[in-house]
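Dear colleague,

I am handing over the structure we spoke about, and my notes on what was found in it follow below. Please read them with the structure open beside you.

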Amino acid sequence: MNKKYMLLSLAFCLMTLASLAVPPKKEIYFSGSQRNDLYPVLVKEGFVLHRFDSPAAAIQKAPNGAAVFVMAEGYPAKRSNISADLLHTAGRKKIRLYLEYPSDLPGLSIPVEPLHTRLERGVITSPVFGAELKPMSILGINDCHVLPVKADNPLIILAKVAGFDKAEYGIDDVPNYPLLFERGNVLIATTKLSNFATGRYGPNDAWKNIFSYIVTWATGVKDVQFKEWPSYVVPMYARTQPLPKNARARSVEKGVEWFANGRFYIHPSWEDTLLKYQGDGSKPFGPPVSQGLPNGDGSMGLLEGHASNIYHDGSQQYRFWMRADVQGEAAYALAAAGSFLGKKDYYTKATNLTNYVFRHSNLRAQERNDKSSPSYGLIGWSVTHPHVYYGDDNARAILGILGASAFMNTNQWDREMAEAILANFRTTGKHGYRGERQEDKDLQKLGWQHFWERDIQHPAPHFESWMWACYLWLYEKTGYEPLLAKTKNAIRLTMEDYPHEWRWTNGIQQERARMVLPLAWLVRVEDTPEHRKWLDTIVQKLLENQVESGAIREELGGEGKGRFGRTKSNKEYGLHEAPLIFKNGDPIADMLYTSNFAFFSLNEAAHATGNKQYKEAVNKLADFLTRIQVKSDKHKDLDGAWFRAFDYDKWEYWASNADVGWGAWGTLTGWTQSWIVATQVLTAKNQSFWELTKNSTIKKEMPQTLEVMFPKN
């Protein structure tokens, strides 16, 4: 071998080694809009993007071995149009092609119409995403339009599966569709995966991991971190961010302004158009109320809030339903905010909402307003079901209106309040329980005396306990002894049944949260060691699940006593009410059933006992709720709300969305929003509801009301 040949060989080897040492270029040929969610993320990560308006231009301009991304513009109506010739060109040039939502693909049978899904979620089916995103991990892909194709060895599939963040029952028993799979030099997404910010996909870290893999697959660039990740709906404050001095006042203001921002006040100009979605109340779902429509003033009532159904554009379905409890609770929040912020115009709306219940709706009309009727004084569940009476819903409406009256220093609804409490009392059984619900037809047929003498035991605090609190409150104001006697008996029986015989609804934690209130007020009227022990037993168990951030972790109760326990199969997912968790230990707080009521009740317990531990727990919970209030510049109807679910480990809105209509992203103008807002005011003023309402003049209404409710004959 001559010297010249040896030198050429050495040079070639050095050039080869040098080429191997050159890192992959951080360049992507991008077919799509700059408004695509992925575009700014890639730019911030340091990638150079060569943007084109068509897949053909991107592929033709891309050099050999380049990374080309073809995004789904106009999703879901339009699909990415890429021809066989373009695919051949990409293959010849050894391009690594990421392709979303294609209209056609050689060798792949793609239906004309995509499959539109709602309950289905993404499920990881490959180990390629690493230890942080193992197979069977769940992804949220809201309002997914997917191409139902067949593919071998998909990386991600779409399926209706049960579980919190893992497909607990696997995927073998459910239809599933590939979401992401590889074919040669093409990585194909059968939906718009890059809609993650706009469509509010979750969890965020999971989607960062997925796109890190996609970018590395296409470019060869490793360790793609995505230090910044866009989200249009976020918590108001980070987990450890110092709260400003005015944080709680700001929380109250944003919380009560949300009623208007969401256009929840019915306005006569759109009542007929949008209230058609209310129907018979069984499925009162409809599109968001346009921000261009006017707000009412409360005199026509207030809508419920959002259903837990997010559209592909990030907007959210509304619940077009008019419930009594919502009106009373919202009146309380408005009056509290008006007093605290010095905005007396809120009083007008609070007054109008209360008068809607008693004067301008069917909620206290007809049989409920006939003194000879056994249902006189009861408050109907909703305008579609005025003939249905839930004691717990009546209790929240009553307590809300009592609180609103106290903040506004008015006694104009004292008669209705006395009637409502005693109407519930006279339909309470001999042991102090009312049962889950009552119907007017039964009351008319059997008479209230039948219910008064009923031999029923129902240790279910969610349904029973806040009405007991109403009885104790009225007893303290009037001295009417039967209220105390029957309530004490029910509380004693319930505490004797704790925990094994308690009937829980969506979790045992919510039952504890609800039970704290009557126990705290029992201490108020009879401060005995036994009553304090009962209270402390429940509070301590509740606080065992309060974590450092202030969140209260959800917990399922014992087997066989849960009305809506964990989802039992993939098939059952989304068909009925359900918890936000799958198993105890899942890091989820519930603002619909637990934290909202615990906040109010623990504040009452702290003031009733002077217990410093209780007070500290209340303050931690107040800070937590202040932090997780929704912040959104893009979605004004969400800004200032509280969603039902919060994952305090991920610090984002995430949980199992199995509950039909009341899932992770549901909001409620009553239960959730109002009790949090009003209790923020109480804690900021270092006050309790018991103290707030101490000057009530309801006693003067008792003689006349007792004569009507319990006639001497």
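Not counting residues up to four places away in sequence, Arg396 touches Arg323, Asp325, Glu329, Trp466, Arg514, Phe597, Trp671 and Trp675. This arginine lies in helix α10, which covers residues 391-408, and because its relative accessible area is 0%, where under 20% counts as buried, Arg396 is a buried residue. Please keep in mind that this is a predicted model, so these contacts, like everything below, are computed from predicted coordinates.

As for confidence, the mean pLDDT of the protein is 95, and 97% of its residues reach 70 or more. The stretch to treat with caution is residues 4-22, over which the pLDDT is below 50; beyond near neighbours in sequence, that stretch has one contact in the model.

If you centre the view on Phe689 and leave aside its neighbours within four places in sequence, you will find it in contact with Tyr332, Leu399, Leu402, Gly403, Trp473, Trp521, Phe600, Glu604 and Leu682. As general background, nonpolar side chains in soluble globular proteins tend to be buried together.

Two helix pairs are also worth a look. In one of them, helix α6 (residues 247-261) and helix α8 (residues 324-341) have axes that come within 10 Å and cross at roughly 135°, and the two helices are therefore oblique to each other. The crossing in which α6 passes α8 is left-handed, and the contact is made on the α6 side by Ala249, Val252, Glu253, Val256 and Phe259, and on the α8 side by Ala330, Ala333, Leu334, Ala337, Phe340 and Leu341.

In the other pair, helix α11 (residues 414-425) packs with helix α14 (residues 461-478) at an angle of about 120°, their axes being 10 Å apart, which makes α11 oblique to α14. Here α11 passes α14 in a left-handed crossing. From α11 the contact draws on Ile421, Leu422, Asn424 and Phe425, while α14 contributes Met467, Cys470, Tyr471, Trp473 and Leu474; Trp473 is also one of the residues in contact with Phe689.

Conventions: Residues are numbered from 1 along each chain as its sequence is written. This is a predicted model: local features need pLDDT of at least 70, side-chain atom pairs count only at pLDDT 80 or more; totals for chains, interfaces and linings use all residues. Side-chain values use heavy atoms; hydrogens and water are left out. Contact means heavy atoms within 4.5 Å. pLDDT is the predictor's confidence in each residue, from 0 to 100. Axes are lines fitted to C-alpha atoms, for helices over the stretch in contact, and angles run from 0 to 180 degrees between N-to-C directions. Helices (H or I, at least four residues) and strands (E, at least two) are DSSP runs, numbered from the N terminus. Angles under 35 degrees count as roughly parallel, over 145 as roughly antiparallel, 65 to 115 as roughly perpendicular and the rest as oblique. A crossing is left-handed if the near helix is turned anticlockwise from the far one by less than a right angle, and right-handed if clockwise. Buried means under 20% relative accessible area, exposed over 50%, partly exposed in between (1.4 Å probe, protein chains only).
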